[in-house]
Amino acid sequence: MDEQLHERIREVVADVPPGKVATYGDIAAIAGASTPRLVGRVLSEDGQDLPWHRILRASGIPAPHIRHRQLELLRAEGVLADGDKVSLRKYRWQAS
């Protein structure tokens with residue numbers, strides 16, 4: 001992955017406001033990444049300073065290894081889950 005794409009993914013993730021969520025696919029589409037997996041890679045390697053918790057799988061369910069922490073951080077922002085699933089219809093961010 002080139003540095004420009006890496007930074008663009010970081011910028012798009014940083015733009016997701018508190019109280020909203022996006023999917024890995026949403027971020028990939030906006031940033032021009034070929035696959036949502038690149039978004040996950042950037043977040044896992046270089047996303048500690050970003051609102052990584054606002055990025056979910058397309059199903060609205062967090063990855064199992066970060067589920068508890070992610071749902072806790074989202075809850076603090078007013079994003080409520082039904083079980084482990086966040087309603088994308090209700091909380092999905094629409095980029096302008």
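Helices are DSSP runs of H or I with at least four residues, strands are runs of E with at least two, and both are numbered from the N terminus. I looked up a predicted model, in which local features need pLDDT of at least 70, side-chain atom pairs count only at pLDDT 80 or more, and totals for chains, interfaces and linings use all residues. Residues are numbered from 1 along each chain as its sequence is written, and side-chain values use heavy atoms, with hydrogens and water left out.

**Entry 1: valine 13**

I located valine 13 in helix α1. I then looked up its accessibility: valine 13 counts as buried because its relative accessibility is 0% (buried means under 20% relative accessible area, exposed over 50%, partly exposed in between, with a 1.4 Å probe and protein chains only). Leaving aside neighbours within four places in sequence, I found valine 13 in contact with Ile27, Leu43, Leu50, Pro51 and Ile55 (contact means heavy atoms within 4.5 Å). I also looked up the separation of valine 13 and tyrosine 24, which are 11 residues apart in sequence and 9.4 Å apart in space, C-alpha to C-alpha.

**Entry 2: α1 against α2**

I compared helix α1 (residues 3-15) with helix α2 (residues 24-31): their axes come within 9 Å and cross at roughly 125°. I noted that α1 is therefore oblique to α2. Axes are lines fitted to C-alpha atoms, for helices over the stretch in contact, and angles run from 0 to 180 degrees between N-to-C directions. Angles under 35 degrees count as roughly parallel, over 145 as roughly antiparallel, 65 to 115 as roughly perpendicular and the rest as oblique. On the α1 side I listed Leu5, Arg8, Ile9, Val12 and Val13, and on the α2 side Ile27, Ile30 and Ala31. I sorted this contact of α1 with α2 by class and recorded seven nonpolar, no polar and one charged residues (Ala, Val, Leu, Ile, Met, Phe, Trp, Tyr, Cys and Pro count as nonpolar, Asp, Glu, Lys and Arg as charged, and the others, Gly among them, as polar).

**Entry 3: α1 against α3**

I looked up α1 and helix α3 (residues 36-46), which pack at an angle of about 85° with their axes 10 Å apart. I recorded α1 as roughly perpendicular to α3 for that reason. Leu5, His6, Ile9, Arg10 and Val13 of α1 meet Leu38, Val39, Val42, Leu43 and Asp46 of α3.

**Entry 4: arginine 10**

I found arginine 10 in helix α1, where arginine 10 counts as buried because its relative accessibility is 14%. Its side chain makes a polar contact of 2.8 Å with the side chain of aspartate 49. A polar contact is a pair of N or O atoms within 3.5 Å; within protein, one must be able to donate a hydrogen and the other to accept it, and residues adjacent in sequence count only if both atoms are side-chain atoms.

Which residues of α2 are buried? I listed Tyr24, Asp26, Ile27, Ala28 and Ala31. The cover over these buried residues of α2 includes α1, β1 (22-23), α3 and β2.
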